[in-house]
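Please open the structure in your viewer and keep the sequence at hand.

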Amino acid sequence: LVFTGLIGFPAASGAEMVDRIIAVVNDDIILLSDLNEQVEKVAPNIGNLDYPLEKQRTILYQLREKTLQELIDKKLAEQEIKRLEIQVSEGDIDEAVARFKANNRLSDEQFLQVLAQQNMTLEAYQEELREQLLRNRLMSSEVRSKIVITPAEIEAYYQANRTDYAAEVSYRLKNILIPISGSEAEARQRLEAVRERIEAGMDFEAAARQFSQAPNAERGGELGKLAAGSLSAPIAAAITPLEAGELSPIVETDQGFQLFLVEEVDRREATPLEEVTPQIEETLYNQVIDEKFQKWITALRENAFIKIIQ
């Protein structure tokens, strides 16, 4: 393809760029100005890239070629919209505008300010909405309606991802750490003495601030919420039998001897397949829709007259 009037590389002084047809798609045409307009939207500052001039030209050429193919696909979709007599009413557009404002909590004035910040008029935004709604209805008619996710596929996905839906237990913990700097027996005895004070009524946070040598001592030993599966084997064995408010036995760890307070136990039941079926169906649907669309647009191309004019 040979293009003139490259964005970012102005024509010679005094020259004027003349618009021309660069592609024919069935009975429609694509103009050089159409291509330039789209390229300007995605690469307005390509001339400012910190690349040699030749590399900038190569990048721009590849971008323009990709954009031209997208314009051809868009033209084919527009022709299908016309053939199938798909329409969008003014009421549909008004509803879409109202939905956008509601979702973003925008007043009428704020909405217009957002458009102004994007250098877009209300009329231009409404026209973009019209095109988007038409394409969505075309997709629903020609692509989405032909995608069928079977119960067997949903079941297979559920089984392959059982860990995402399995029962889960997590604990909100606080700890007190006494590292082993001398004899193990002495370190254990020191922590046992702290444990006895807590059982006698001393606040765990106060004990952590006074006796713990862990980095979180100043926060009262706060460890946050931890999934059972993330705990080391010795800690999990000590924590698992406990309920909220209970103290663990002394646990020997790589860091030293530790004492834990279980502040909260969160047990999530396994999620049954019936509950997550809509979510899985949507996931599987999204995995295949791009592939289906590409096959659909390829079929349109194979049956269309497309000529790129050099």
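How many bridges join strand S5 (residues 251–253) to S6? Select both strands: three bridges join them, and the two run antiparallel. The model is a predicted one, in which local features need pLDDT of at least 70, side-chain atom pairs count only at pLDDT 80 or more, and totals for chains, interfaces and linings use all residues. Residues are numbered from 1 along each chain as its sequence is written, and side-chain values use heavy atoms, with hydrogens and water left out.

Strands (E, at least two residues) and helices (H or I, at least four) are DSSP runs, numbered from the N terminus; two strands pair if DSSP finds at least two bridges between them. Select Glu252 next; its bridge partner in S6 is Phe257.

Turn next to the largest nonpolar core, which has 44 residues. Such a core is a set of buried (under 20% relative accessible area, 1.4 Å probe, protein chains only) Ala, Val, Leu, Ile, Met, Phe, Trp, Tyr and Cys residues joined through side-chain atoms within 4.5 Å. Ile30, Leu68, Tyr125 and Ile280 have the most contacts inside it. Helix H11 gives the largest share, nine residues.

Finally, select Ile280. Leaving aside neighbours within four places in sequence, Ile280 is in contact (heavy atoms within 4.5 Å) with Ile154, Tyr157, Tyr158, Tyr165 and Leu273.

Terms used
Buried means under 20% relative accessible area, exposed over 50%, partly exposed in between (1.4 Å probe, protein chains only).
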